Amino acid sequence: MIRGADIVVKSLIAENAEYIFGYPGGAIMPVYDALYDYSDQIKHVLTRHEQGAIHAAQGYARVSGKVGVVLATSGPGATNLITGLADAQIDSTPLVCITGQVAAHLLGTDAFQETDVVGLSMPGTKWNIQVRSVEEIAPAIAKAFHIAMTGRPGPVLVDITKNAQVEFGEFNYVPCLRIRSYRPYVRIDQKVIDAAAELINTAERPYVLYGQGVVLAGAEEELKAFLDKTGIPAASTLLGSGALPQDHPSYVGKLGMHGNYAPNLLTNKCDVLIAVGMRFDDRVTGDLKRYAKQAKVVHLELDPSEIDKNVKCTVAVQGDCKTSLAMLTQAVQTNSHPEWMQKFRALENEEKEAVIANDLHGTHGGLHMGEVIHLINQFKEDDAILVTDVGQHQMIAWRYFDYKKTRTQVTSGGLGTMGFALPAALGAQLHDYKKQVICVVGDGGIQMTIQEFGTIMQTKAPVKVVLLNNNYLGMVRQWQQLFFDKRYSFTELENPDFIKIAEAYKIKAKKVTEREDLESSVAEMILHQGPYFLEVVVEKEDNVFPMIATGCSVEEVRLS
Amino acid sequence: MNRYTILVYTENFIGILNRITIIFTRRGINIDALTASESRLDGIHKITIEVTVTEDQIVHLSKQIEKTVDVIKAYYFTDSEVVYQEIALYKLPIDSLDPGVEKVIRQFNAHIIAAEKEFVVIEFTGHKEDTRALLEILKPFNLLEFSRSGRVAIAKPKFSVQEYLNNQT
């Protein structure tokens, strides 16, 4: 017989959890006490805030493909996880969060640090459960890992009352392999594949859109094989970036509000649209009433609730795209589409002249964010991971970062969580200390979780943090400029001395204000062994283009 | 907009009802009526939801419900595809009982199921339109209270949750 708290830790070890990101407190103290005895089998990372813990777990999960594990106490510890849960839910990130809860006999009495975390987290979790006795602990954790990781991944929360943690019980871990009410995978019907292949074979201007589903399914090679055989142009969503190397001949760019010119514009010119592991988010589609109405749509998607949700499809291929892409590649004819591809390349040149040249190769005036990313590309390894926050810097970094490998893109996509990057970069770095993890943040977002410098200091994670400082909440300011008559309502920031802050946390830091110092500084940062903080003061009022304004059609993508 | 009945088969799991109702709340959709009970299968609960939505919405709602881990299956039907009933109870003061009330009870084939010194309780089962009609008729007789259940329904099309459970993929 062992304590419930030991069962919690031994269950996590049985699931091969490598890291726990957490923060102790009253109702989870027995588990922390147990952790003390298992530090040789599982590593715990003490963040400076529970939100930091969950974002770090997300960063870890996104780059590793494993479940991120979070540990927090009841009440405020648990409520501080809510933003991360919602973020992981909308971006399909597998997490298992364990929260302490007041003893079962105190439930519903407004006891100290009691909150209904199961109720609060319900809409932001794939599944959650409250465990009130010791014998329920191991089965609940087993079920949690199974649900988090299978099908469309997502966050799961297990709330464990304090009495369950201190009761004694038998430990006999049985992994959960199936749940009768939960069917995460379906058999793919050959007839549906044939119908999709027929559409693709007869298409004159087919067009592939791929999303994070490709990465989650581990279907990168299958996507590449499909594109190699068919020669179809392919564009990426924000979270799909990295699923296909950007030097692949089929790659034509990025989709969405601040994506590339050609991929957006030509969405309304294709005749067959093949969507793979993506969900037609409004930031990708713009006005749905004017989105790809001319096209027949083939949707390869695991989650049945995503099929026909935003865009009605002609052929729905429900199932794991690793399997469906392979079947589809078998069924389609070898083909090429040089004229159609040429249309993308021509528009790409227009965008290069109108936007990209100036973004990447500024010569006078303030530094552009794009110049920094361009230099990072020159010094980074192929498998360097880019972690970004939310806003202008995120869009610019995404637009210009040279994605060559899968699982190198970590950002808050669906939820748009400012403050995500710094802790997420820490989590990504802990998965592999040897990989380059480059965290690009804005001066707004970094201040939302800046306390995680402390965790970087304590773990010595060699994260490279690049602050693109324009002294504004830049994306909001851009919208104020374009849509609110330049009424810059509460978007200008009076910022602290970031260098002093970084140095206070013993992180090597440097500030760049001049163009001539940029290249050497980026090089110095990338080559530095430990954590490094580089602040680059950029043009205050730069805008991100191309842009599809809210309510506009993908055809109305503007270059200025 | 059409009236639909959704039949949801679930595991008997704490919080499952909440997980299902928040799917409606989040989309600003009102649930017209909801009943939960055991089903024919041991350990499996059946939730019957009546809702007035568009066809696109009912498809979307059903998929979202079925996505819930502890939901086994969700089916939706139009009114013509289900046999359904609602039970209504009417409380009348004793002194308002007269031949008029008796006539109404006979017409509707309603029943007096309780008689106390001060009041009687009339029970009537039917569709919402019928129980509402009786409500309007009884109001002038100093009706004291009215209570109506949510819909209970049996689907006409053949489907088997048992078969679904047996059929492993």
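The questions below go from chain A to chain B.

Modeller: Happy to! This is a predicted model, where local features need pLDDT of at least 70, side-chain atom pairs count only at pLDDT 80 or more, and totals for chains, interfaces and linings use all residues. Residues are numbered from 1 along each chain as its sequence is written, with chains lettered from A and ligands numbered from 1 in the order in which they are written.

Colleague: What radius of gyration does chain A have?

Modeller: The radius is taken over C-alpha atoms, and the globule rule is 2.2 Å times the number of residues to the power 0.38. Because chain A has 560 residues, a compact globule would be near 24 Å, and the chain agrees with its 24 Å.

Colleague: What share of the residues in chain A is buried?

Modeller: A residue is buried if 20 or more other C-beta atoms, placed from the backbone, lie within 10 Å of its own. Of the 560 residues in chain A, that describes 56%.

Colleague: How far apart are the C-alpha centres of the two domains of chain B?

Modeller: The bounds come from an automatic or database domain assignment. Domain 1 covers 2–82 + 152–166, and domain 2 covers 85–148. Between their C-alpha centres, the distance is 31 Å.

Colleague: What box do the C-alpha atoms of chain A fill?

Modeller: The box is taken along the principal axes. Its dimensions are roughly 70 × 60 × 40 Å.

Note on methods
Buried ≥ 20, exposed ≤ 12 C-beta atoms within 10 Å, placed from the backbone.
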